Amino acid sequence: PRRRIDLGRADIGDLLGGIGDSPDAAAAQVRAFEHQASAMLGGLWVRATASGRDALDLILDGLGIGVGDELVVPAYTLGELIVRLQGRGLRPVAADVDVDTFAVTPQSVARAITARTRAVVALHVFGAPCDIRGIAAVAAHHGLPLIEDCAHAFGACIDGRPAGSFGAAALFSLEVAKPVAAFGGGLLATASSELQAAAAAHLDRRRYSPWPAARKMLMKCLEEFAVRSPAYGLAARMMFREQKGGGFEQFYRGLHDRVRPADVAFSGFQARRGLRRLAGLAQRNRHLNLLWGELAAGLPPEFAAQARARCGEPAAYNFVARYSGDLPRLRRRAQARGLDRGLPGEVLDDVAPMLGQTDCPGAAQVFAEAVAIPLHLGIDAARLRRMGEILAAVSRP
């Protein structure tokens, strides 16, 4: 399966302990988690949020970015982000991406800046650091705050400095498949005292409830039971057919959105798991990055793996490559052999057409050719070899 998460008995203990916590005890756990995250991010002020998107909202509010303001965003990113920004009355402007790294560049960011631009958002795509130093220099030259989107990138670093520490603020996601997974939630990190005060004023008023995160964990337990069952291969071929995949994807995302409330404080259960995930982050990244390199080295010539280490040391997230052949055919043939390829367009989106732009050919190419290949802690050396054999077989004419 393309998705599996690391679940164990300790997670059940975290859940049971977190549900029984008083609000004060939960708050102490959350403070401990925030303190540890801060230490790993170079001492930045860190607060846990309801989600990565919630952290972005708080950052935009704290920077005073509002209706009519332009925001430079990556042309290859999550389409739902664009809808969210437009819902705030903002005017996103897409900066094209490099076809090898999938990331924006200092040059593409500079071309997207206008007199109406109020901030720049740079995404470390799939955990791979972008040229954040160059982008920060462009933003500083124009007097613009830089927002680092580190949703995929907790644990990535550039010359020993953690991703998330180069801009005015950074957002991290703690969703179930992210490098630090806490069954939902996010982090806001900043060195700005003004942003700290504005974000704290919102977060300190939120009500406490452990149940949204508990529901998220229950959903993921059921999903894990499904993907580990012998019947999953047949079910995946039925659910992820092109003619049905869009409806299933919409249902799946909607189901998760309903257990992602924005007005609930981060829970003690999430903080307990977050602390354990932080403690093992470096080891997991090393292990998965080694698997990533082995998988990339064994890809058939029709594939071009993302250039991840060009600008820094990546965190371990999705394995995504470009494929120059017929993607629907590849998907069908891979699933027929037991390799779960998932849904069309499930990776990220080419958002330039959503914005009426036709000047982002790099993003259009990456979007058209991107293929996600399973890579997670449930894959051992034998499965890795088998995946390589399947990809070699199904990519042939």
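Predicted model: local features only at pLDDT ≥ 70, side-chain atom pairs only at ≥ 80, totals over all residues.
Helix α11 covers residues 268–279, and at 1.5 Å a residue its 12 residues should span 16 Å, which agrees with the 17 Å between its end C-alpha atoms; the expected span is 1.5 Å times one less than the number of residues.

## The sheet

An open sheet of 7 strands runs in the order β1-β10-β9-β6-β5-β2-β4 with mixed pairing, two strands being paired if DSSP finds at least two bridges between them. Its edge strands, β1 (45–49) and β4 (91–95), each pair on one side only.

Within the sheet, β5 (residues 117–123) and β6 (residues 146–149) pair in the parallel sense over 4 bridges, and Val 121 stands opposite Ile 147 in β6.

## Helices packed on the sheet

Helix α3 (residues 52–62) packs on the sheet and touches β1, β2 (70–74), β6, β9 (169–173) and β10 (186–190), contact meaning heavy atoms within 4.5 Å. The direction of α3 makes about 165° with that of β9, with axes fitted to C-alpha atoms, for helices over the stretch in contact, and angles running from 0 to 180 degrees between N-to-C directions.

Helix α7 (residues 193–203) also packs on the sheet, touching β1, β9 and β10, and its direction makes about 25° with that of β1.

## Basis of the values

Residues are numbered from 1 along each chain as its sequence is written, and side-chain values use heavy atoms, with hydrogens and water left out. Local features need pLDDT of at least 70 and side-chain atom pairs count only at pLDDT 80 or more, while totals for chains, interfaces and linings use all residues.

Terms used
Helix = DSSP H or I, 4+ residues; strand = E, 2+ residues; numbered from the N terminus.
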